[in-house]
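Let's walk through this structure together, one piece at a time.

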Amino acid sequence: MAERVFAGKLQRAGFTDVWVGGHRPFGIDQAALYPLFTPEVIQLMRDTIPADHQDHVATGVIVKARRPR
Amino acid sequence: MARDLMFQQEIKETVQRAYAAIATGAGETVARRHYNDHELAEVPPGAVQWALGVGNPVRYARLESGQAVVDVGSGGGIDTILAARRVGPEGRAVGLDVLEEMCERGRRHAAQAGVEGWTEFRQGEMEGIPLPDESVDMAISNGVLNLSARKSRALAEIFRVLRPGGRICMADLTVEGELPPEVANDHSAWAG
């Protein structure tokens, strides 16, 4: 899910003051540390994602928002 | 529409099957990427071992003593326990997880941390949170919303359980651009 889509879903749910920050790159080497990613998926990612993008496949973010009073 | 619903159910079953099958969390290496020494010292080793998150929502949540907080997708309880420490015995921390065995793990870790008196774990889905309307001040989650096939529904549920003025603080992964179709269409990739 893209960041703007995430923010849009929050706004459509009724949240306000949406803030996205704390961006950190998330690469295949990081993904490989999580047991929910199987070795087969990790290998598939290594085989299909261009080498110069493999260290930043996704971005870790912090998303904050508020339910209006 | 029917195909969409089948697809959502397929994703849900794939994610839950993969989640139920794991024998451990991502471990200390991943935990050290997101939590500092002080934070790691506040939780028992088992909760650190079972960490599966992608960030540290509690650090950004600015929780206050006496608040009620729900951790949506609490796993082994690392963030629930950290949140429980921030809200203290005058507050309340609820961990929500789709797997009862994970809730059991969270209860064990909360007891080891000494926060069990004001911390509970409930089995349930983020798309149907088993809490009353307007019952919490803060909702946190860590790498969980992305696993839902019904993200808008999950966000609507979080909105429902928050009190007016309540806040949400989530760590998650975003993806800009397109993943290769081989990855995007792989069932196992949904679970990650």
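In this predicted model, strand 2 (residues 58–66) of chain A and strand 5 of chain B run antiparallel and are joined by eight bridges. To find the spot on screen, look for Gly60(A), which stands opposite Leu173(B) in strand 5 of chain B. Strands of a sheet pair through backbone hydrogen bonds, either parallel or antiparallel.

Seven strands form an open sheet in the order 1(A)-2(A)-5(B)-4(B)-1(B)-2(B)-3(B), with mixed pairing. Which strands stand at the edges? They are strand 1 (16–26) of chain A and strand 3 (119–123) of chain B; each has a single partner strand, so one side of each is left without a neighbour in the sheet. From one strand to the next, the twist averages 15°.

On the chain A end, strand 1 of chain A runs antiparallel to strand 2 of chain A, with seven bridges between them. Phe26(A) has Ala58(A) in strand 2 of chain A as its bridge partner. Helix 1 (residues 3–13) of chain A packs on the sheet, where it touches strand 1 and strand 2 of chain A as well as strand 5 of chain B. The direction of this helix makes about 155° with that of strand 1 of chain A.

Next, move to strand 1 (residues 68–72) of chain B. Is this strand mostly covered or uncovered? It is mostly covered, as five of its five residues are buried. Ala68(B), Val70(B) and Val72(B) point one way, while Val69(B) and Asp71(B) point the other way. Strand 1 of chain B pairs in the parallel sense with strand 2 (residues 92–97) of chain B over five bridges, and Val69(B) has Ala93(B) as its bridge partner there. Strand 1 of chain B also pairs in the parallel sense with strand 4 (residues 136–142) of chain B, over four bridges; here Asp71(B) stands opposite Ile140(B).

Finally, come back to where the chains meet. The contact takes 40 residues from chain B and 37 residues from chain A. On the chain B side, strand 5 of chain B gives the most, with twelve residues. That side divides into 24 nonpolar, ten polar and six charged residues.

As for confidence, the model scores ipTM 0.94 and pTM 0.93, and the mean pLDDT of chain B is 91.

Conventions
Residues numbered from 1 in each chain as written. Chains lettered and ligands numbered in written order. Predicted model: local features only at pLDDT ≥ 70, side-chain atom pairs only at ≥ 80, totals over all residues. Contact = placed C-beta atoms within 7 Å. Helix = DSSP H or I, 4+ residues; strand = E, 2+ residues; numbered from the N terminus. Nonpolar A, V, L, I, M, F, W, Y, C, P; charged D, E, K, R; others polar. Pairing = 2+ DSSP bridges. Buried ≥ 20, exposed ≤ 12 C-beta atoms within 10 Å, placed from the backbone. pLDDT = per-residue confidence, 0-100. Axes fitted to C-alpha atoms, helices over the stretch in contact; angles between N-to-C directions.
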